[in-house]
Amino acid sequence: MSLEKRYKEQIANYLDVEANKISLYWKGRVALYTALKSMGISDGDEVLLPAFTCVVVPNAIIYLGAKPVYVDIDEQTFCSSVDMIKSKMSPKTKCIIIQNFLGFSSNVDEIIALASKHKVYTIEDCTHGFGGRNKNIFNGLKSDCSFFSSQWNKPFSTGVGGILLINNEKLMQKASAITRSLKKPTLKSRLILHLLILSRKYLLHNWSYWMMLKLYRKLSLIGLVVGSSQKEEICSIDMPKDYLTSSSRVQARFGKKELELFSEKLKLRKNNGMKYNDWMKSNGKKFFNEQHLSNHSFLKYPVLVKERDFFISLCVKENIQLGDWFISPLHPVKENLNLWGLEETHFPVAKKISNHIVNFPTELKNMNSVLEFLNKNKDQLL
């Protein structure tokens, strides 16, 4: 049995699904593209998605000639509500993307019921949500398809990587044909990825975090390393030439090792997420209500700050790790969002949150330094 097949079976065993429902890709966005194409999404079709997402999500829609239709988010959950989605539906709506944000899924059953009523497909964006649950069922198991990411800082990492889960058996044959047509990653890409994974393992520490992050983003933007996004993906709506790429043995090898440690990491994230939530609640800051906690796997913990750039400078000074998902409604694009058909003023909540959000790590074995930092800088939080 090949390494890739054993990796697929390991993923399937964790999610308690059949291995033939799982496909692997170079990046998660390719899994989304495959799902959309298997549904027959094409010119003139509309796909609904949150106006608070990564730009690669509408890219996959646009590459197929379809139109992304954005939906604002709820300020409490960072997810779109059923009523918001319903108000955006039209006869041209062919699919609804249900986003899991930082490990939290909201209104999944209700959105799927709405889609079923109108004979519309659903895809769960579980790039943040592998291993998390919604009403005690794993994220991604309820919709027609779901896609996951194993990119840096995702629930488990293979450097870059994508996973597609097909729950609707009518789509499996088409999805399999699309997957087989993808080209293999180049030897250069595989070698660079292998080196990056090893570098991250041995060189990334609290003291080197910000230096390594800035270097990685610069090198990936100009194409010298394998990055999460290419320059073409955040500057235009044209598909990059090497976009349609399948997975590799490098990702399977590291993915298998990561999955063996995953349950303990997930437990640590949830425990630390609760510590953040308790601190936020006790200090009168934005926190997640009790009704949402059982559904949250806390990939990161989102915090709203008054002045993000200043707050990040404080974190850099004290070597506090911090993420900046999502700095705009179409992360990481800051300008010309109308190129992707999004007008910020139409989505006031998404615009507000994206102007103030940062996210704290939840994999720390010792939370003391972060909680001390929050106590010292609580006046910077909203």
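In which helix is asparagine 272 found? Asparagine 272 belongs to helix H10, residues 249-282. Helices (H or I, at least four residues) and strands (E, at least two) are DSSP runs, numbered from the N terminus. The model is predicted: local features need pLDDT of at least 70, side-chain atom pairs count only at pLDDT 80 or more, and totals for chains, interfaces and linings use all residues. Residues are numbered from 1 along each chain as its sequence is written, and side-chain values use heavy atoms, with hydrogens and water left out.

Asparagine 272 is buried, at a relative accessible area of 2%. Buried means under 20% relative accessible area, exposed over 50%, and partly exposed in between (1.4 Å probe, protein chains only). Neighbours within four places in sequence set aside, asparagine 272 contacts Thr362, Glu363, Leu364 and Met367. Contact means heavy atoms within 4.5 Å.

A mixed, open sheet is built from seven strands, in the order E1-E10-E9-E6-E5-E2-E4. Its edge strands are E1 and E4 (67-71), each of which pairs on one side only. Strands pair if DSSP finds at least two bridges between them. Neighbouring strands of the sheet are turned by 20 degrees against each other on average, direction ignored. For such angles, axes are lines fitted to C-alpha atoms, for helices over the stretch in contact, and values run from 0 to 180 degrees between N-to-C directions.

Strand E1 (residues 22-25) pairs with strand E10 (residues 162-166) in the antiparallel sense, over four bridges. Serine 23 stands opposite leucine 164 of E10. Ile22 and Leu24 point one way from E1, Ser23 and Tyr25 the other way, and all are buried. Helix H5 (residues 108-117) lies across strands E5 (93-99) and E6 (121-125), and runs at about 175 degrees to E5.

Helix H3 (residues 56-63) is largely enclosed by the rest of the structure, because eight of its eight residues are buried. Among them are Pro58, Asn59 and Tyr63. Glycine 65 follows H3 and has a positive phi, near 85 degrees.

The largest nonpolar core has 77 residues. A nonpolar core is a set of buried Ala, Val, Leu, Ile, Met, Phe, Trp, Tyr and Cys residues joined through side-chain atoms within 4.5 Å. Leu36, Phe52, Ile123, Phe311 and Phe360 have the most contacts inside this core. Apart from it lies another core, of 19 residues, including Phe156, Leu259, Phe262 and Leu266. Residues up to four places away in sequence not counted, isoleucine 123 touches several residues, including Leu32, Leu36, Cys95, Cys145 and Phe147.

The structure holds zero disulfides, a disulfide being a pair of cysteine sulfur atoms within 2.5 Å. For cysteine 95, the nearest cysteine sulfur is that of cysteine 145, 8.0 Å away. Cysteine 95 is buried, with a relative accessible area of 0%. Cysteine 315 is buried too, at 0%.

A search of the whole structure finds 24 aromatic pairs. Rings of Phe, Tyr and Trp (its six-membered ring) pair if their centres lie within 6.5 Å; planes under 30 degrees apart count as stacked, over 60 as edge-to-face and the rest as tilted. Phenylalanine 52 and phenylalanine 101 have ring centres 5.1 Å apart and planes at 50 degrees, so this pair is tilted. Both residues are buried. The pair links distant parts of the chain, 49 residues apart. Phenylalanine 52 sits in the loop between strands E2 (46-50) and E3 (53-54), phenylalanine 101 in the loop between E5 and H5. Ring pairs also join Phe52 and Phe101 into a cluster whose members include Tyr276, Phe311 and Phe360.
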